[in-house]
Amino acid sequence: MRLHCKIVVLAVSFGLLLLLYFWGGNGAGEKEEDSDYSPPSVKVDLKLPRKPPTVSAVRVKQTPKRQKSSKVTNRGTNVKAKSKLPGRPGRAVSKRNRAEEVMHLAVVACGNRLEETLTLVKSAVLFSLKKIKFHIFADDLLTPQFKEKLNQWPRFVTSKFQYKLYPITFSVGNPDEWKKLFKPCAAQRLFLPVILKDVDSLLYVDTDMLFLRPMDDIWSLFKSFNSTQLAAMAPEHEVPKIGWYSRFARHPFYGVSGVNSGVMLMNLTRIRSTLFKNSLIAGGLSWADLIHPLYQKYKNHITWGDQDLLNIIFHYNPECLLIFPCQWNYRPDHCMYGSNCKGAEEEGVSILHGNRGVYHDDKQPAFKVVYDAIRDFPFEDNMFQSLFYPMQTNFLDTVNTLCGRIPQVFLKQIEKTMKKVFEESVVRHMRPHN
């Protein structure tokens with residue numbers, strides 16, 4: 001009996017201990033579960049982004065789906081978010097500015113310069129991004145031919161530019177004498193500030209120029225002008241010892257080697273309002289009052305016509321002139337005596353100047369290859385297939401010539417430009433879908 005009671009007491013005690021054990025274990029388990037769950041909830045609450053701009057910036061960059069990106073940018077941060085996308089800074093603003101800003105280009109063509117001038121215009125239109133207005137000064141014979149040829153170009157090409165034709169006119173002096181100065185009608189350029197009174201700034205180029213990169217790039221050099229500069233040109237030669245002016249000139253010229261006027265940026269507003277120092281009178285003269293008496297004084301001493309007169313003007317007014325590097329006016333002189341244009345070697349030719357008639361003979365076939373390729377390119381074709389690759393192939397036949405032995409100088413910038421124009425075209429066509 002006593003033994004039985006002891007067994008019962010032990011069993012009850014053991015049972016109580018088991019109940020206490022299980023009760024205590026379940027309580028500890030609940031606390032551990034609560035401790036594991038609670039801290040993450042606190043962290044999530046603390047790290048949740050509360051400012052919409054932060055969310056939009058992250059989602060625009062990381063989300064590959066366009067639909068999500070457009071939803072986020074509707075929160076009032078679309079301008080900031082889009083400005084961070086590569087290649088599309090401030091799209092809405094830049095599109096409006098591009099539509100408003102027009103670049104002005106002037107060229108003078110007389111005699112047999114129709115094809116050459118049309119090829120120049122074609123190169124500018126092919127590669128430029130902003131709209132261009134061409135001011136074409138032509139003799140009576142070429143004027144109707146320009147109208148006929150330009151109006152035959154495809155609509156998608158003519159929508160990129162405007163043009164206006166002007167007669168050859170000289171406000172002072174003997175017109176016949178001006179026309180015969182150097183090349184036919186070349187002196188017309190000296191009267192642009194007087195004729196184009198409503199134009200603020202423009203780029204003047206000779207007819208034998210070819211753009212191998214957007215005109216927009218040289219147009220941007222206007223922003224580099226200081227408060228006294230009103231024009232920009234390239235040096236006549238990179239090596240003064242073998243330059244023409246330093247050896248043969250019988251008149252004052254700019255700097256140590258003179259300047260070449262085949263490519264000339266002109267701030268016409270500043271030119272019209274400036275009094276130029278000169279060797280004629282003690283005081284300054286306006287551009288309109290200076291040109292004719294300057295010609296009368298030096299006409300028996302100048303060889304290169306209007307270019308010589310410009311050299312004389314900027315000899316006495318060097319603070320008015322900005323000098324840009326030789327790749328913006330690359331001529332046979334830069335390669336036929338050995339390569340001497342470092343800028344072209346590093347960056348490629350930006351504007352090709354085919355003086356000496358090299359587009360139309362076989363003296364420098366490298367220049368002719370570029371000219372023929374642009375002249376014969378159909379607007380509707382792919383530029384890489386129908387322009388760049390044929391040009392690259394034809395350069396193989398020029399590698400044994402003085403200028404053809406450095407084909408990368410001619411091809412580097414035009415290949416880069418074609419890629420840029422292609423990318424711009426793709427972005428422009430993608431914009432409505434975005």
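Which residues does Thr 207 touch, not counting residues up to four places away in sequence? They are Val 107, Val 108, Ala 109, Arg 113, Glu 116, Thr 117 and Leu 120, where contact means heavy atoms within 4.5 Å. Before going on, note that this is a predicted model, in which local features need pLDDT of at least 70, side-chain atom pairs count only at pLDDT 80 or more, and totals for chains, interfaces and linings use all residues. Residues are numbered from 1 along each chain as its sequence is written, and side-chain values use heavy atoms, leaving out hydrogens and water.

Thr 207 sits in the loop between strand S4 (201-205) and strand S5 (209-211); helices (H or I, at least four residues) and strands (E, at least two) are DSSP runs, numbered from the N terminus. Thr 207 counts as buried because its relative accessibility is 6%; buried means under 20% relative accessible area, exposed over 50%, and partly exposed in between (1.4 Å probe, protein chains only).

Now let us turn to Val 157. You will find Val 157 in helix H8 (residues 155-158), and at 4% relative accessibility it counts as buried. Leaving out residues up to four places away in sequence, Val 157 touches Val 125 and Phe 379. The C-alpha atoms of Val 157 and Phe 379 are separated by 7.7 Å, although the two are 222 residues apart along the chain.

Finally, look at the largest nonpolar core, which has 76 residues. A nonpolar core is a set of buried Ala, Val, Leu, Ile, Met, Phe, Trp, Tyr and Cys residues joined through side-chain atoms within 4.5 Å. Helix H6 (residues 114-127) gives the most to this core, with 8 residues.
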